[in-house]
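Reader: Before I rely on the words used for this model, I would like each one set against its definition. Could we begin with a pocket and then turn to a pair of helices?

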Amino acid sequence: MTERSGKTVQLSDPASGRSAALPLRTGTIGPAGLDIATLPKELGVFTYDPGFGATAACESRITYIDGEAGVLLYRGYPIEQLAERSDFMEVAYLLLIGELPTAKQLTEFTANIRYHTMINEWLKRFFEGFHHNAHPMAMVSGVVASMSAFYHDTMDIHNPRHREIFAHRIIAKIPTIAAAAHKHSLGQPVIYPRNDLSYTANMLHMLFAVPCEPYEVDPVAAAALDLLFVLHADHEQNASTSTVRLAGSTGANPYAAISAGVSALWGPAHGGANEAVLAMLEQIGTADNIPKFLAMAKDKSSHFRLMGFGHRVYKNFDPRAQIIRAMCHKVLARLGRSDNPLFELALRLEEIALQDEYFIERKLYPNVDFYSGVIYSAIGIPRSMFTVMFAIARTVGWVAHWQEMISDPAMRIGRPRQLYTGPTRRDYLEVKQRR
Ligand code: SDX
């Protein structure tokens with residue numbers, strides 16, 4: 001039986017006669033959080049929430065999501081306004097620092113990133129250890145973790161200046177590492193970053209340039225990638241960000257924590273979905289095959305899911321998906337690829353799915369991964385690199401959350417409990433006694 005009086009919720013268990021007055025923590029917007037820290041002591045029970053769908057794991061001031069209303073705010077600014085009027089470097093500063101930069105602050109921040117894009121020549125050798133067909137996410141997570149072997153002089157996580165240097169280094173170098181992974185898979189030489197290019201123009205330059213001829217970055221492609229990076233930069237306590245927080249809460253070095261985030265993002269239920277969407281669209285092939293695939297998505301025994309659909313939090317349109325869908329029309333037209341069959345198929349699939357009772361009832365809408373691959377493809381990025389692009393952008397969010405957690409004096413190591421359903425205590429049997 002519960003009652004909510006002022007700032008506490010009274011829980012009582014008639015069976016044991018025990019009760020607990022649990023403090024109610026309220027944020028600036030969104031649901032309050034019932035502080036259950038004393039529950040085991042006062043009521044002798046844990047809460048049970050596999051997948052943490054109803055659990056606020058921390059306090060954060062970085063990103064706010066309202067899943068029912070389809071709202072996404074970065075430090076209070078609506079994603080639609082940032083997508084329209086900002087760019088990735090400015091959004092990176094906003095997420096890390098908490099305020100939009102002045103012109104001087106943005107120039108300084110951009111320079112700090114721009115002049116740290118090269119990676120140690122010995123770090124480049126790590127790629128030679130990978131087979132040529134290694135997935136780039138495997139290479140990126142491995143090489144990012146190895147960065148701690150090169151920067152041990154600035155790894156005091158309680159030193160704010162060391163944390164700032166780490167933030168600049170990892171945000172600056174992850175595109176170079178990502179591009180080097182791609183070049184390794186092609187058997188081509190790694191292309192050095194250029195300090196005269198913007199963050200995303202440099203990314204495209206390192207991905208597509210070759211030493212034998214000049215390479216001109218398409219400004220339309222660079223702008224499209226910049227917008228995709230803005231949209232993917234952060235998303236509250238998603239699985240990979242929670243992984244970074246949990247790994248970082250042990251005091252592990254920040255490169256190891258970010259590498260753990262890269263690995264968590266790789267899963268097809270998370271950031272790996274953008275790569276899986278393209279594979280699914282190619283598998284569907286034509287619109288007349290859509291009903292067959294929708295039927296599979298509704299048949300639990302098929303284990304097939306409509307990739308790019310559904311979300312743990314959004315039970316309405318993912319605002320990022322809507323922005324990317326609109327962007328597809330513009331970018332494809334400007335790249336001269338308006339008749340993109342994959343995009344047409346994705347639009348048709350969305351239209352049919354959103355009229356289907358199964359998807360309507362479960363509030364399954366396209367998420368950020370549903371259309372992003374159409375743009376990555378159109379600007380020439382290979383499917384195996386789609387999730388790597390997501391990781392590059394999300395590195396900003398991971399760093400922001402890691403910094404927020406580490407700089408909190410109240411930080412404790414994360415250590416969830418469980419509901420034990422295994423055998424009760426029993427004594428060892430010698431092998432000859434076993435049946
Ligand atoms: C990202 O958390 C974040 O913020 C993530 C992210 C970020 O920016 O960090 O937004 C990025 O990861 C987006 C999600 C990308 N993943 C996919 O597109 C993979 C396909 N989607 C799903 O697997 C699924 O929707 C999840 C993983 C995204 C969400 O899973 P939930 O919240 O655990 O939902 P669920 O599995 O409990 O599904 C509820 C119901 C189930 O049916 P019933 O048991 O009620 O009959 O909806 C069904 C599910 O079977 N369902 C789907 C479906 N997604 C959910 N059925 C078919 N196709 C789907 N895609």
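Author: The lining of the second largest pocket divides into 10 nonpolar, 1 polar and 5 charged residues, where Asp, Glu, Lys and Arg count as charged, Ala, Val, Leu, Ile, Met, Phe, Trp, Tyr, Cys and Pro as nonpolar, and the others, Gly among them, as polar. This is a predicted model, in which local features need pLDDT of at least 70 and side-chain atom pairs pLDDT 80 or more, while totals for chains, interfaces and linings use all residues. Residues are numbered from 1 along each chain, and side-chain values use heavy atoms, without hydrogens or water.

Reader: Which residues line the second largest pocket closest to its centre?

Author: The pocket holds about 410 Å³ of space, and among its 16 lining residues Ala83, Glu84, Leu227, Met327 and Lys330 are the closest to its centre. Two or more lining residues come from each of α2 (79-85), α9 (219-232) and α14 (319-334), with α14 giving the most, 6 residues.

Reader: Why are α11 and α18 called oblique to each other?

Author: Helix α11 (residues 254-265) and helix α18 (residues 386-406) pack at about 135°, with axes 10 Å apart. Angles under 35 degrees count as roughly parallel, over 145 as roughly antiparallel, 65 to 115 as roughly perpendicular and the rest as oblique, and α11 and α18 are therefore oblique. Their crossing is right-handed.

Reader: What makes up the contact of α11 with α18?

Author: Within 4.5 Å between heavy atoms, Pro254, Ala257, Ile258, Gly261, Val262 and Leu265 in α11 meet Thr387, Phe390, Ala391, Trp398, Val399 and Trp402 in α18. These contact residues divide into 10 nonpolar, 2 polar and no charged.

Notes:
Axes are lines fitted to C-alpha atoms, for helices over the stretch in contact, and angles run from 0 to 180 degrees between N-to-C directions. Helices (H or I, at least four residues) and strands (E, at least two) are DSSP runs, numbered from the N terminus. A crossing is left-handed if the near helix is turned anticlockwise from the far one by less than a right angle, and right-handed if clockwise. On a 1 Å grid over the protein atoms alone, a cavity is a set of points where a 1.4 Å probe fits but cannot get out, and a pocket is an open set with protein on both sides within 12 Å along at least five of seven lines; lining residues have an atom within 4 Å of a point. Grid points are joined across faces, edges and corners, and a volume is the space filled by probe spheres set on the points.
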